[in-house]
Amino acid sequence: MSQQQIILDILKDDKWHCSSEFYAQYMADPRKRLHELKTKGYELENRTCELHNYHLGGSKMWRLIQPNNAILPTFKQPLTLKPAPQPKLFTLQPAFRDV
Ligand SMILES: [Zn+2]
């Protein structure tokens, strides 16, 4: 399975997925793969990860916008999520920053 296919497989449930999930699939550079998918015409959204609180604000989560969902009328309110609470103390947590 290509890495692009792995990403699509992860994203096909239409939910937000942290880029740490891509790294968990031994993907060295998911950002590159995500960019390639975009150039192929896939609609990908990203925002700062709110699924975990160990990124210190540096990681992204991703969502695939399904083409057949785009046709349906949506009445979604814009999400106003508060940023995840940040630990006060500096912790050595090198994993999955800057994605
Ligand atoms: Zn995350």
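Visitor: Which residues does W16 touch, not counting residues up to four places away in sequence?

Guide: This is a predicted model. In this model W16 touches L51, M61 and R63, once residues up to four places away in sequence are left out.

Visitor: Where is W16 found relative to helix 1 and strand 1?

Guide: W16 sits in the loop between helix 1 (3-11) and strand 1 (17-18).

Visitor: How far apart are W16 and W62, in sequence and in space?

Guide: They are 46 residues apart in sequence, yet their C-alpha atoms are 5.3 Å apart. For the chain as a whole, residues 24 or more positions apart account for 61% of the contacts in the protein with a separation of 6 or more.

Visitor: Why does W16 count as partly exposed?

Guide: The general idea is a neighbour count: 20 or more other C-beta atoms within 10 Å make a residue buried, and 12 or fewer make it exposed. W16 has 17 C-beta neighbours inside 10 Å, so it counts as partly exposed. Buried residues make up 17% of the 99 residues in the protein.

Visitor: In what order do the elements run from the N terminus on?

Guide: The order is α-β-α-α-β-β-α, with four helices and three strands in the protein.

Visitor: How many bridges join strand 1 to strand 3, and how many join strand 2 to strand 3?

Guide: Strand 1 and strand 3 run antiparallel and are joined by two bridges. Here H17 has W62 of strand 3 as its bridge partner. Strand 2 (residues 43-48) is also antiparallel to strand 3, with six bridges between them.

Visitor: Which residues make up the largest nonpolar core?

Guide: The core has 10 residues: I7, L11, C18, F22, L34, L37, C49, M61, W62 and L64. Helix 1, helix 3 (30-39) and strand 3 (60-65) are the elements that give two or more residues to this core. Strand 3 provides the largest share, three residues.

Visitor: At what angle do helix 1 and helix 3 pack?

Guide: The angle is about 85°, and the axes are 9 Å apart. Angles of 65 to 115 degrees count as roughly perpendicular, so helix 1 is roughly perpendicular to helix 3. Helix 1 makes the contact through Q3, Q4 and I7, and helix 3 makes it through P30, R33, L34, E36 and L37.

Visitor: Which residue with a positive phi follows helix 3?

Guide: Helix 3 is followed by G41, with a phi near 110°.

Methods:
Residues are numbered from 1 along each chain as its sequence is written. This is a predicted model: local features need pLDDT of at least 70, side-chain atom pairs count only at pLDDT 80 or more; totals for chains, interfaces and linings use all residues. Two residues are in contact if their C-beta atoms, placed from the backbone, lie within 7 Å. A nonpolar core is a set of buried Ala, Val, Leu, Ile, Met, Phe, Trp, Tyr and Cys residues joined through C-beta atoms within 7 Å. Two strands pair if DSSP finds at least two bridges between them. Axes are lines fitted to C-alpha atoms, for helices over the stretch in contact, and angles run from 0 to 180 degrees between N-to-C directions. Angles under 35 degrees count as roughly parallel, over 145 as roughly antiparallel, 65 to 115 as roughly perpendicular and the rest as oblique.
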